[in-house]
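Let's take a walk through a protein together, one piece at a time.

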Amino acid sequence: MENISVYLDNCCYNRPYDDQSQLRISLETQAKLHIQQLIVDKKLNLVYSYISVYENFRNPNVNRKTSISDFFKNASVYVDESYSEQILSEAMKIMETGVKKMDSLHIAAAIIGKADYFLSTDIRLLKYQSDKIKVINPVNFIYVPEV
């Protein structure tokens, strides 16, 4: 498992701050926190990007923004602005499948950063399939046999 790399989208990072009264949200939160601990313990590699930083910067809640930003320090790979042309090119192909612009930029950055898994709680985004990266919900990720 230690060689597996994951990229979390913004909804994953923010899931613990959502209303936990719904079972689905609560389960996704627990899975995300478990994954987060695996990253801290260096049992999973975290990939993040300047797109993650930008989206987090726009978070109006200062405590959440700071907490997520601090977590980025656990990353093994940072996809910086020098990859922007590659990311945009890949994102354009992804958008052709109906994925929204920001989501496609995140997936493209994850691909460029060589993440094995793209984790999201966005139901629409989870429908995206690719041979370049596995898009999966955090709950399903922790039940993948090789993880």
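How many of the 12 residues of helix 6 are buried? Before the answer, please keep in mind that what you see is a predicted model. Now to the helix: 10 of its 12 residues are buried, so helix 6 is mostly covered, where buried means under 20% relative accessible area. Those residues are Asp-103, Ser-104, Leu-105, His-106, Ile-107, Ala-108, Ala-109, Ala-110, Ile-111 and Ile-112. What do they pack against? Their partners are strand 1, strand 2, helix 3, strand 3, helix 5 and strand 4. From its first C-alpha to its last, helix 6 reaches 16 Å, close to the 16 Å expected at 1.5 Å a residue.

Next, let's look at the strands. Strand 2 covers residues 45-49, and four of these five residues are buried, so strand 2 is largely enclosed by the rest of the structure. Which strands does strand 2 pair with? Strand 1 (residues 5-8) runs parallel to strand 2 and is joined to it by two bridges; here Val-6 stands opposite Leu-46. Strand 3 (residues 77-79) also pairs with strand 2 in the parallel sense, over three bridges, and there Tyr-48 stands opposite Tyr-78.

Now move on to helix 3, residues 50-57, where you can find Ser-52. Is Ser-52 buried or exposed? With a relative accessible area of 4%, Ser-52 is buried, because the cut-off for buried is under 20%. Not counting residues up to four places away in sequence, Ser-52 touches Tyr-7, Phe-72 and His-106.

Phe-72 brings us to the aromatic rings. A search of the whole structure finds six aromatic pairs. In one of them, Tyr-48 and Phe-72 are stacked, at 4.6 Å centre to centre and with 20° between the planes. This pair links distant parts of the chain, since Tyr-48 is in strand 2 and Phe-72 is in the loop between helix 4 and strand 3, 24 residues apart. Both partners are buried: Tyr-48 has a relative accessible area of 14%, and Phe-72 is at 6% relative accessibility. Another pair has a contrasting geometry: the ring centres of Tyr-117 and Phe-141 are 4.9 Å apart and their planes are at 75°, so this pair is edge-to-face. Tyr-117 lies in strand 4 and Phe-141 in helix 7, so the pair ties together parts that are 24 residues apart in sequence. Tyr-117 counts as buried at 3% relative accessibility, and Phe-141 is buried with a relative accessible area of 0%.

Tyr-13, Tyr-48, Phe-71, Phe-72 and Tyr-78 form one aromatic cluster. Lys-32 lies over the face of Phe-71, at 5.7 Å from the ring centre, while Lys-134 lies over the face of Tyr-117, at 5.2 Å from the ring centre.

Let's finish in the loops. Most residues other than glycine have a negative phi. Which lysine takes a positive phi just after helix 6? That is Lys-114, with a phi of about 60°, and you will find Lys-114 in the loop between helix 6 and strand 4. At 65% relative accessibility, Lys-114 counts as exposed. Lys-42 has a positive phi too, of about 65°, although Lys-42 is not a glycine. Look for Lys-42 in the loop between helix 2 and strand 2.

Notes
Residues are numbered from 1 along each chain as its sequence is written. This is a predicted model: local features need pLDDT of at least 70, side-chain atom pairs count only at pLDDT 80 or more; totals for chains, interfaces and linings use all residues. Side-chain values use heavy atoms; hydrogens and water are left out. Buried means under 20% relative accessible area, exposed over 50%, partly exposed in between (1.4 Å probe, protein chains only). Helices (H or I, at least four residues) and strands (E, at least two) are DSSP runs, numbered from the N terminus. Two strands pair if DSSP finds at least two bridges between them. Contact means heavy atoms within 4.5 Å. The expected span of a helix is 1.5 Å times one less than its number of residues. Rings of Phe, Tyr and Trp (its six-membered ring) pair if their centres lie within 6.5 Å; planes under 30 degrees apart count as stacked, over 60 as edge-to-face and the rest as tilted. A charge sits over a ring if NZ of Lys or CZ of Arg is within 6 Å of the ring centre and within 35 degrees of the ring normal.
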